[in-house]
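Keep the sequence and the structure at hand while reading.

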Amino acid sequence: MQIAVNIAVLASIYALICCGYVLIYRATRVLSLAHGELMMLGAYGLYATASLFKGHPLIALAAAAGLALAVGLAVYAALMWRMTGESVLAAVLATIALGILLRGAMMLAFGTLTQHPLRDLGWENASIGLPGGARISAVGAALILSTGLVYGGLFAFLRGTRWGMRMRAAGQNPLLAAQRGIGLHGIYALSWGLATFTGGLAGMLIALDAGLESTLVIIGLKAFPAALVGGLDSLVGALAGSLVVASAEVLLIQYVDPLLSDVVPFFVLLAMLVVRPWGLFGTREELDRV
Amino acid sequence: MSAPLLRLEKLEVTYHRVITAVQGVSLEVAPGTIVALLGTNGAGKTTTLRATSGFIGLDDARVTEGAVVFDGERIENLPPHRVTALGIALVPERNKVFENLSVAENLDAAVPRPGARRRRSIELAYEIFPALGRLRRREAGYLSGGERQMLAIGSALACAPRLLLVDELSQGLAPLLVEEMMRRLETVRAETGATILLVEQNAQVALEVADYGYVMENGRIVLDGTPERLRAHQDIREFYLGTGGGTGRRRSYRDVKQYRRSRRWYG
């Protein structure tokens, strides 16, 4: 039972992070390799707002989430919109450079010491007992709940709202979307904003659970195989891929060797690339552009 | 006669800075009319259409001379979304629907021209193409060629256009369906009041619905007139309608020596 809970928490972390990869890729066809850093920036955002709004943890959380959304929009406005119409490779390289810059800037601004935003917010990470003798931390439960809400919200947005339809339309055929009057820059900015918001949320929750340090970016990188295993252009695939990668990781840590933790996602990724390169729910032609 | 809604003035379009695909093209489209732009493959029709809709920049092409004037405003250098916002909607020749979206979503995703009533525009699309109502939930990727064409025109109508640009409506459709689609264009004009510029290889069907026609060859307009005048013209009959050659074998205008052609057009 405890293993199932651990898998659920880890899968939620990966799913919450990798929906950002999927959102940006399916709208703009760009693989954002700065996503881990943007996630970490979201966590540092919470660290900053926790000190700013001492005694008001909910306000601090809301401000940090809003900040993450604004950062995503700003990244598009300041950098990525110039990449529209350029080769995908140029855009991917721009995200790599952005990631390195952000990592350096965060180290300069916040140092390398482990921070504990949970303590700054005045909260405690209580352990909750579950049937079957398993236990889950309060933040772990919040992670699962947040992932459910984020995915539910994203499905409702993409399927049920006009902007969601336009985002799907622009991702599928940007030229036709422009011919139908859809402003591509607005759609792309929105996808960057939402991706950074969800990634930032993941970063905040991980930081609340396990503390905030510069290695957080590694978790962002480990979520990338989950997105690819599911198929880069599918949110359902992101969920499934996260579950596959998290299951493999937890089971191998439990039964083989905990040191395998960092390599398991990439091992699963390689296996998937050999067997089914377009992922569980991805489409074949999409992969040509990766 | 009322002022034209669209006017091309000595338009010249160059690809990759060296290849001139359209030269000195001038044409006028009066409000509420259907105008046909006829010609064979490579004549420059689609380039002219894309220059009008603002999309040639994506093909590494640009308007190097002349002007595109829509409702008194020069639009040849406007980005595509600004052109669409002015009320110009394009029905492209290929990739004309969002295949992963349902029929209803295809119509809903379109952004109507500012000031237009969005719900009414979509209702009109369903009224003119009732088949779309029955296919509302079907993914566009599973539609037949004719249904796709209806959806393409329907979703262009959802943009509430004042000028509808239609590229090769007859492409890939059975002859009976082509005639049906042409009749629907007349309905579109009657119901929405939209002006239509129709680019078409199939002169026979295009001249059935058009109020006026232009013929393009080698990037230039070589002839224009009413459908009656064009149908009566010896070269149109011979090269585009296949009825005037007298030899029993249909010929292309390219088969005829240039000096004789020049004498015929301008003589």
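Chain A and chain B bury about 1900 Å² between them, and 58% of that lies on carbon and sulfur atoms. Buried area is the accessible area (1.4 Å probe) that two parts lose on being put together, summed over both. Gln172(A), Gln179(A) and Arg180(A) supply 38% of the area that chain A buries against chain B, more than any other three residues.

This is a predicted model: local features need pLDDT of at least 70, side-chain atom pairs count only at pLDDT 80 or more, and totals for chains, interfaces and linings use all residues. Residues are numbered from 1 along each chain as its sequence is written, chains are lettered from A and ligands numbered from 1 in the order in which they are written, and side-chain values use heavy atoms, leaving out hydrogens and water.

**The contact**

Chain A brings 16 residues to the contact and chain B brings 24 residues. Contact means heavy atoms within 4.5 Å. The two chains share 10 residue pairs in polar contact, both residues at pLDDT 80 or more. A polar contact is a pair of N or O atoms within 3.5 Å; within protein, one must be able to donate a hydrogen and the other to accept it, and residues adjacent in sequence count only if both atoms are side-chain atoms.

How many salt bridges are there between chain A and chain B? The count is 1. Glu105(B) forms a salt bridge with Arg168(A), with the closest N and O atoms 3.0 Å apart. The term requires a side-chain nitrogen of Lys or Arg within 4 Å of a carboxyl oxygen of Asp or Glu.

On chain A, helix 7 (162-172) and helix 8 (174-179) are the elements that give two or more residues to the side touching chain B. Helix 7 of chain A gives the most, with 6 residues. Helices (H or I, at least four residues) and strands (E, at least two) are DSSP runs, numbered from the N terminus.

**The sheet in chain B**

In chain B, 6 strands form an open sheet of mixed pairing, in the order 6-7-8-3-9-10. Two strands pair if DSSP finds at least two bridges between them. Strand 7 (residues 163-167) and strand 8 (residues 195-200) of chain B run parallel, joined by 5 bridges.

Angles run from 0 to 180 degrees between N-to-C directions, with axes fitted to C-alpha atoms, for helices over the stretch in contact.

| Helix of chain B | Strands touched or crossed | Angle |
|---|---|---|
| Helix 6 (residues 145-157) | strand 6 and strand 7 | about 170° with strand 6 |
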